[in-house]
Amino acid sequence: MRIKCPYCGERSLDEFAYYGDATVTRPNLDAPDAMDQFTAYVYERTNPAGPHRELWYHAAGCHAWLVVTRDTTNHKISTVELARDVALQRASGTKGDA
Ligand SMILES: [Zn+2]
């Protein structure tokens with residue numbers, strides 16, 4: 001598998017580190033059910049068959065954090081975005097990210 005880093009171009013998977021599901025967001029500590037939310041955040045994950053948004057780190061390259069949309073059934077990558085841009089879009093509410 002190869003990932004096209006926005007800064008470095010297409011690179012081998014060996015240069016990247018996988019950091020998990022990019023669709024989850026850290027719960028609010030002040031919520032009345034914060035403990036339940038944190039339990040779900042840490043331990044309860046889906047195992048989707050099909051397109052999935054994942055967090056990757058270009059460890060042996062530019063050190064960029066990336067959100068990669070990859071089909072888990074065939075490993076085809078449809079999009080690679082800078083995690084910073086995804087976070088800014090999420091914060092501004094311009095992009096639904098679930
Ligand atoms: Zn890079």
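How many helices and strands does the secondary structure of the chain come to? The chain has two helices and six strands, where helices (H or I, at least four residues) and strands (E, at least two) are DSSP runs numbered from the N terminus. Read from the N terminus on, these elements follow the order β-β-β-α-β-β-β-α. Residues are numbered from 1 along each chain as its sequence is written. The model is a predicted one, in which local features need pLDDT of at least 70 and side-chain atom pairs count only at pLDDT 80 or more, whereas totals for chains, interfaces and linings use all residues. Taken along the principal axes, the box filled by the C-alpha atoms of the chain is roughly 45 × 30 × 25 Å.

Strand 1 (2-5) and strand 2 (residues 9-12) pair in the antiparallel sense over four bridges, two strands being counted as paired if DSSP finds at least two bridges between them. Within this pair, Ile3 has Arg11 of strand 2 as its bridge partner. Strand 1 shows a covered face, made by Ile3 and Cys5, and an uncovered one, made by Arg2 and Lys4.

The loop between strand 2 and strand 3 holds Glu15. This residue is partly exposed, with 17 other C-beta atoms within 10 Å; a residue is buried if 20 or more other C-beta atoms lie within 10 Å of its own, exposed if 12 or fewer, and partly exposed in between, with C-beta atoms placed from the backbone. Not counting residues up to four places away in sequence, Glu15 touches His58, Ala59, Ala60 and Gly61, a contact being a pair of residues whose C-beta atoms, placed from the backbone, lie within 7 Å. Gln37, by contrast, is 22 residues from Glu15 along the chain, and their C-alpha atoms are separated by 33 Å.

Four strands form an open sheet in the order 3-4-5-6, with antiparallel pairing. Strand 3 (17-21) and strand 6 stand at its edges, and each has a single partner strand, so one side of each is left without a neighbour in the sheet. From one strand to the next the twist averages 30 degrees, with axes being lines fitted to C-alpha atoms, for helices over the stretch in contact, and angles running from 0 to 180 degrees between N-to-C directions. Helix 2 (residues 83-92) packs on the sheet, where it touches strand 4, strand 5 and strand 6, and its direction makes about 80 degrees with that of strand 6.

Inside the sheet, strand 4 (residues 51-57) is joined to strand 5 by seven bridges, and Pro51 stands opposite Asp71 in strand 5. Strand 5 is also joined to strand 6 (residues 77-82), through five bridges, with Leu66 opposite Leu82. These two strands form a hairpin with five residues between them, and His75 in the turn has a positive phi of about 65 degrees.

The largest nonpolar core consists of eight residues, Ile3, Cys5, Phe16, Ala22, Trp56, Leu66, Val67 and Val68; such a core is a set of buried Ala, Val, Leu, Ile, Met, Phe, Trp, Tyr and Cys residues joined through C-beta atoms within 7 Å. Strand 1 and strand 5 (65-71) each supply at least two of its residues, and the largest share, three residues, comes from strand 5. Leaving aside neighbours within four places in sequence, Val67 is in contact with Ala22, Arg53, Leu55, Glu81, Ala83 and Val86. Across the chain, buried residues make up 9% of the 98 residues.

Technical notes
Contact = placed C-beta atoms within 7 Å.
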